[in-house]
Amino acid sequence: MDLLLQMLRSLQQLDDKLSAFGQRKKDIPEQIQAMERTYEEEKEGLEKHKQRLKEAGLEQRQLEKQLLESAEDRKKKQAKLLDVKTNEEYKALLKEIEYAKEADSATEDSILVLLEEIDSLEKGLKDKETSVLESEKKLKEEARRLELEIVEVDKEHQLLQGERKRVAAELAPEVLNDYEKIRSHRAGQAVVTVRKEVCPGCHMQVPPQTINEVLQTGEIRHCQYCRRILYCELEETA
Ligand SMILES: [Zn+2]
C-alpha cells in the first residue's frame with residue numbers, strides 16, 4: 001500500500017488517541033470533584049446526625065427540668081389543699097393537680113420517645129463516623145491515583161502531539177488540508193477502514209472497483225457519500 005495512505009491512517013490513529021487523551025484530561029478533574037462532593041455530603045450527614053443528637057439531649061434535659069418543676073409545684077398545691085377554706089376552692093385545686101399530673105405523664109412519654117431516639121442515634125453515630133473516615137481515606141487515595149494519572153496522560157498527550165506534528169509535516173499541504181477539512185466536518189473521522197464493502201463513516205456501500213483501486217494503487221479515494229478517505233485491507237471473504 002502506498003506510503004501516503006499509510007501516513008494518513010497513522011495521522012488518524014494519532015488524532016483518535018489525542019482526542020481520547022484530551023477527553024481523559026477533562027474527565028479526571030470532574031471525577032475527583034464528583035468524589036469530593038459525595039464525601040462532603042456524607043460528612044454533612046454526619047454533622048446533621050451529631051446536631052440532632054445534641055438537640056435531642058437538650059430537649060430531654062429541658063423536659064426533665066420541666067418535670068421536676070411541675071412536681072415541686074404539685075407538692076405546693078398538695079400542701080395548699082390543707083389550707084383552703086371552701087369546697088369550691090378545694091375542688092378547683094384538686095382539678096389543677098389532676099391536670100398537672102396528666103401533663104407530667106405526657107411529658108414522661110415524650111422523654112421516653114426522646115431516650116429511644118438518643119439511643120438509636122448514639123448507636124448509629126459510631127458507624128457513621130467510621131464510614132466517613134473510610135470515605136476520607138478512600139477519597140485521598142483515589143484523588144492521589146487520579147492526579148498521578150493526569151501527569152501520565154499529560155506526558156502521553158505531549159508525546160503524541162510531537163509525533164503528530166512530525167507525521168503532519170511530512171504530508172503535502174493540500175493533502176493535510178483535505179484531511180483536516182474532512183476531520184472537522186466528520187466528527188474527527190477523516191480516514192476510515194472499509195469493512196465488507198461498507199464505509200463505516202456513513203454506512204453506505206463502497207463500489208468494489210474503488211476498493212480494488214485502493215488496494216492496488218494505494219491512491220487516495222474518498223467515499224462518494226461522506227467524502228471520508230477510504231483505507232482498505234484485504235478481507236477474507238466468507
Ligand atoms: Zn462514507
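Begin by selecting aspartate 154 and lysine 25, whose side chains meet in a salt bridge, N to O at 2.8 Å (a side-chain nitrogen of Lys or Arg within 4 Å of a carboxyl oxygen of Asp or Glu). Aspartate 154 belongs to helix H2 (residues 87–169) and lysine 25 to helix H1, so the pair ties together parts that are 129 residues apart in sequence; helices here are DSSP runs of H or I with at least four residues, strands are runs of E with at least two, and both are numbered from the N terminus.

The model is predicted, so local features need pLDDT of at least 70 and side-chain atom pairs count only at pLDDT 80 or more, while totals for chains, interfaces and linings use all residues. Residues are numbered from 1 along each chain as its sequence is written, and side-chain values use heavy atoms, with hydrogens and water left out.

Next select glutamate 96 and lysine 77, another salt bridge, with the closest N and O atoms 3.3 Å apart. This pair links distant parts of the chain, with glutamate 96 in helix H2 and lysine 77 in helix H1, 19 residues apart. Lysine 77 is buried, at a relative accessible area of 17%, whereas glutamate 96 is partly exposed at 38% (buried is under 20%, exposed over 50%, partly exposed in between, with a 1.4 Å probe and protein chains only).

Then stay within helix H2 and select arginine 145 and glutamate 149, which lie 4 residues apart, about one turn of the helix, and whose side chains form a salt bridge of 3.7 Å, N to O.

Finally, zoom out: the C-alpha trace spans about 125 × 35 × 35 Å along its principal axes, and the structure holds 23 salt bridges.
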